[in-house]
Amino acid sequence: MRILVVEDEPRLLRNLAKALREEGYAVDTAEAGDDGLYKAQNYSYDAIVLDVMLPRLDGWEVLERLRKQKSTPVLMLTARDAHKDRVRGLDTGADDYLVKPFDLAELLARLRALIRRSAGQPRPNIELGNVVIDLRARTVNRAGQPVTLTAREYAILEFLALHRGEVVTRTVLYEHLFDESDDTLSNLVDVHVFSIRKKLGHELIATRRGQGYCIE
Amino acid sequence: MIIKSIRWRLQIWLAFLLVCVLSGFGVTVYQLQRVNQFKQIDEELERRVGALDRAVRGGPPPDFGRGRPPFDGRPGEPAFDDEGNRLPPPLHGGREFFPPGPGPEMKLRPREIRLSPEVSALFEDTGSFYFAIWSRDRMLLKSSTNAPVNVSLPVRVAGANLTHTRMRDALREAFHYTELGDCVLAGRDITGDLNAMRRFAFWLLGAGGTVLVFGLGGGWWLTSRAIQPVEEMSVAASRISAGNLSERIAGADTDNELGRLAGVLNSTFARLEAAFAQQRQFTADASHELRTPLAVIISEAQTTLARERSSAEYRETVETCLDAAQQMRRLTESLLELARFDASQEYIQREHLDVSETTRACVERIRPLAHQRGIQIHCDLAPVRICGDTDRLGQVITNLLTNAIHYNKPKGEIRVGTRGENGAAIVTVADTGQGIAPEDLPHIFERFYRADKSRSRAAGRSGLGLAISKAIVDAHGGTIEVTSQPGAGTTFTVRLRVDQSR
């Protein structure tokens, strides 16, 4: 899962990026509105955390322009908690709204829910045969037994499970799992998939030759 | 309560005026009518008195005092009256010096007075007129049949032989004493006339009452119309004061007294609304500025506590939290300071000081920071004595210098000057930075206003520095101004009153 954080307070930005990366997300950052808008328009993110008060282009403007092209889930982050502001945020096309100072756990939960909902998965558990993925705890069980996955392995499995039935290309996987600072090679995806199959069974992830991977 | 209402007061005044005007008018009309009526009656009576007079004197008398009319007999012949009495020969328009009338031989027997048919007709045909004639010795010579029994000889008014009138109950009488002392009287019962006049008076009263009622009704309608916009205004104003500050009173565009009043009220409400909006904005900004470092502290702490960290990571977290807390402390101090100035407490000390010394001290304190950024500070400090607070003014100058360093271009310059000019002490701080956009210039002394949003937060500035500077200068009774040329630099000018006591 790849997330864009647009926030002009550098300490908060740094901290959010760190917290999200520790949660297994790939995180891109932007400090100004125009910068954030450029990234949001040119990369595919699973969610965007957008501050309202931004230099050059404020959050409303970024959101409005982004909505003309993309429906990426957006969580607005602001220090203004006036009723009017929340309504405006949601009306402009924000998917959720959080007032500073926020609780980090709440921010993470809301982000998870946003990503899940946008993938058409309202429940926090995904069952794939005898494999159960708990999106909240980020754990995987096989036939009732917990299976330990690395953060990358889990991310790939989660992404494929959330896009169940779709063929996901390596490029898309790469785009959603590695952030801009990552310079890992794309064939590492194959290595991770091989490792997942070893832990959860070969038949879970199908390979479509020349196209990508798919969970049926 | 009713007396306090403008409408009722107007109504009472209108009623008062109407009653005055109507009663004045009615009384005048009634009096005129009465005088005319009596004049008419008196004229008729006098005509009859004249006829009687002529009859008593025998023969058609001349107008009194005018001499005789031309005699229609042949000249030289003696004239005779109706009874064959000889009349004295006529004089040429002169006054009659001898009494006409019966000769001396007729004095002994009661005079027989016969009235010509024309004279009788004057009384008998009309019915209501009567007459009485008395001789010189107060004997009733003749009276008409319809004369009241109690008709009495009127008192002779000394001197003139004019016709007089008198009133006895409802009887109007005119009388005249002839030169010989006879008295003729014509009278009339004027009960009918008096009744007519009374009716007229009632009619006048009725008409006056009707006019009064219509006048008061019209007045009520007029005052209602006049008061209605005022009432609408007061309703609108009370709605506005109840909290709906964005509402305005309608009708401010009409060019009349009420329209102007509405305009004045609207502009007052607009200023109030602006002040409230500014206050709300300030509160929102302040809360925003406090929430941001708070968010840093909380999320930093929560991230760090989520798992075991190395001591270096803990240290970094604590430093970040401390940094954010310090930012909050600076902000709360600034807010507190502004609040003190807002409460207009006497917050500054008054002491005699030399502005150039205060400025020099500030420059020396800030020079390392400028040096660090490769910025040159040039001073041109002439001594000027003022009365003020060294610490506070130092705060203003330091703030201006810090701004000049922050917003300067790399390797830029700062020129600081103090001088006395026309009784004012002037401190200028000029930088060679990127300048301030013209649209931002009017706002830069506003609280939390940031011309360049992208840099300020990173520089850890609260957005209150210039607002506080302005508050301090204002408290000194001075002014602070800014001029800027985008791309060339910005100059802040502080003017303070020169200390006159030395």
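Modeller: Residues 101-108 of chain B have a pLDDT that stays under 50, and for this stretch the model has two contacts beyond four places in sequence. The model is predicted, and the confidence of chain B as a whole averages a pLDDT of 81, with 84% of its residues scoring at least 70. Among the elements of chain B, confidence is lowest in helix 8, where the mean is 47, and highest in strand 12, at 93. Residues 93-98 of chain B are also below 50 in pLDDT; beyond near neighbours in sequence, that stretch has five contacts in the model. For the complex, the predictor gives an ipTM of 0.79 and a pTM of 0.59.

I turn now to the aromatic side chains. A search of the whole structure, over all chains, finds seven aromatic pairs. One of them joins Trp13(B) and Phe16(B): the ring centres are 6.0 Å apart and the planes stand at 85 degrees, so this pair is edge-to-face, because planes over 60 degrees apart are placed in that class. Phe16(B), at 48% relative accessibility, counts as partly exposed.

Phe445(B) and Phe492(B) form another edge-to-face pair, with 6.2 Å from centre to centre and 85 degrees between the planes. Phe445(B) lies in the loop between strand 12 (424-431) and helix 8 (453-456) of chain B, whereas Phe492(B) lies in strand 14 (residues 489-497) of chain B. The pair therefore ties together parts that are 47 residues apart in sequence. Phe445(B) has a relative accessibility of 17% and so counts as buried. Phe492(B), at 6%, likewise counts as buried, because the limit for that class is under 20%.

Aromatic rings also meet charged groups. In chain B, the charged end of Arg447(B) sits over the ring of Phe282(B), 5.1 Å from the centre of that ring. Chain A has such an arrangement as well: the charged end of Arg138(A) sits over the ring of Tyr25(A), 5.7 Å from the ring centre.

Definitions and conventions
Residues are numbered from 1 along each chain as its sequence is written. Chains are lettered from A and ligands numbered from 1 in the order in which they are written. This is a predicted model: local features need pLDDT of at least 70, side-chain atom pairs count only at pLDDT 80 or more; totals for chains, interfaces and linings use all residues. Side-chain values use heavy atoms; hydrogens and water are left out. Rings of Phe, Tyr and Trp (its six-membered ring) pair if their centres lie within 6.5 Å; planes under 30 degrees apart count as stacked, over 60 as edge-to-face and the rest as tilted. Buried means under 20% relative accessible area, exposed over 50%, partly exposed in between (1.4 Å probe, protein chains only). Helices (H or I, at least four residues) and strands (E, at least two) are DSSP runs, numbered from the N terminus. A charge sits over a ring if NZ of Lys or CZ of Arg is within 6 Å of the ring centre and within 35 degrees of the ring normal. pLDDT is the predictor's confidence in each residue, from 0 to 100. Contact means heavy atoms within 4.5 Å.
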